[in-house]
Amino acid sequence: MDDKWKIVFKEHARAPIYSVSHYVTYLRRFVWDTADSSTCQRHGSRSSPDDKSRPRPEDGINPLSYFLRKLMLDLKVSYDSFVSDFVRPPNDGLGLLLRLLGNLQNSGTPGRSRPSSGRSMSKLEDYKRIMTDERDCLLCIKFTLRLKNAVSQLVEDVEGLQRIAAGVTGPNSKARITCLEILTLVLMECHAADKVVEAFTIMRLRLGESVRFKMLVSMLHTKGPSQVLFQVSCMKMFNTLLAVCPSATWRVYLQQEIISAGLDLKLLSQVCVNGVMASSLRVYNQILILKVSSVL
């Protein structure tokens, strides 16, 4: 196989397109820009007067969508040294990505007013772009987690972990799956069940849920072929969470809480039987894992 095709099929790592300093400089800029944008949307105000004093690199990557795609590709297939340099201080690339994610989530709500059809169409296009940028930002975060020190850094970032948990029930269907994959990686690598549960506890308070995982389980039971990947990711996250519990008592408590949130394995199994065979089988396998590992 030629070297170029080995890179395409991820068999070979390659040098990054841009340097770490280049990415970090522009990432800081986009964090500021999206923070200003979300603040203006909430308060109806313009940018702060000190915007001109902020560094604006003259050459480079623009707009944000293009930047995130290039960064995502480099974090995915570049050498481990590039990722390591990106996440370590003072660059703190992972921390910047988490802040950018929060800004995108805050600015991702489309406006309710309908002044004109042309303006409404423009807002809809902006909303779609923000949803795409949010998913690409999450993929960048996911690809940094191939290094264990990056996983540990995410676990220690309480606000960042809460943003990932919030994305699980967000409006972006693809982003929801990526958030579940990130949480599963965190559980597998660091056995940080307490941190993940704490993030879902904060989300429960914000959503006003009667029990943890209520909305997540409700979304899990949603029917449709487009939901299969979400169901697989959700069940895998639940299974991993229960598997890494530090004690049997806590495991029983969490399992009962998930059932109290509305998880019906019998109903979910019936949906799998009636669904697309190849895709539904993956969900059914995760259901079997949960049944076999059940301690109730």
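**Close-up views of a predicted model**

The lining of the largest cavity divides into four nonpolar, one polar and two charged residues. This is a predicted model, in which local features need pLDDT of at least 70 and side-chain atom pairs count only at pLDDT 80 or more, while totals for chains, interfaces and linings use all residues. Residues are numbered from 1 along each chain as its sequence is written, and side-chain values use heavy atoms, with hydrogens and water left out.

**View A. The largest cavity and its lining.** The whole structure holds one cavity of 30 Å³ or more. On a 1 Å grid over the protein atoms alone, a cavity is a set of points where a 1.4 Å probe fits but cannot get out; lining residues have an atom within 4 Å of a point. Ala, Val, Leu, Ile, Met, Phe, Trp, Tyr, Cys and Pro count as nonpolar, Asp, Glu, Lys and Arg as charged, and the others, Gly among them, as polar.

**View B. Helix 3 packs with helix 5.** Helix 3 spans residues 64–77 and helix 5 spans residues 93–106. Their angle is about 140°, and their axes are 14 Å apart. Axes are lines fitted to C-alpha atoms over the stretch in contact, with angles from 0 to 180 degrees between N-to-C directions. Helices are DSSP runs (H or I, at least four residues), numbered from the N terminus. Leu64, Leu68, Leu71 and Leu75 of helix 3 make the contact with Leu97, Leu100 and Leu104 of helix 5; contact means heavy atoms within 4.5 Å. By class, seven residues here are nonpolar, with no polar and no charged ones.

**View C. The loop between helix 4 and helix 5.** Pro89 and Pro90 are joined by a cis peptide bond, with omega about 0°. Pro90 sits in the loop between helix 4 (80–87) and helix 5. Asp92 is found in this loop too. Phi of Asp92 is positive, near 50°, in a residue other than glycine. Most residues other than glycine have a negative phi, and most peptide bonds are trans.

Conventions: Helix = DSSP H or I, 4+ residues; strand = E, 2+ residues; numbered from the N terminus. 1 Å grid on protein atoms, 1.4 Å probe; cavity = no way out; pocket = protein on both sides within 12 Å on 5 of 7 lines; lining within 4 Å. Points joined across faces, edges and corners; volume = space filled by probe spheres on them.
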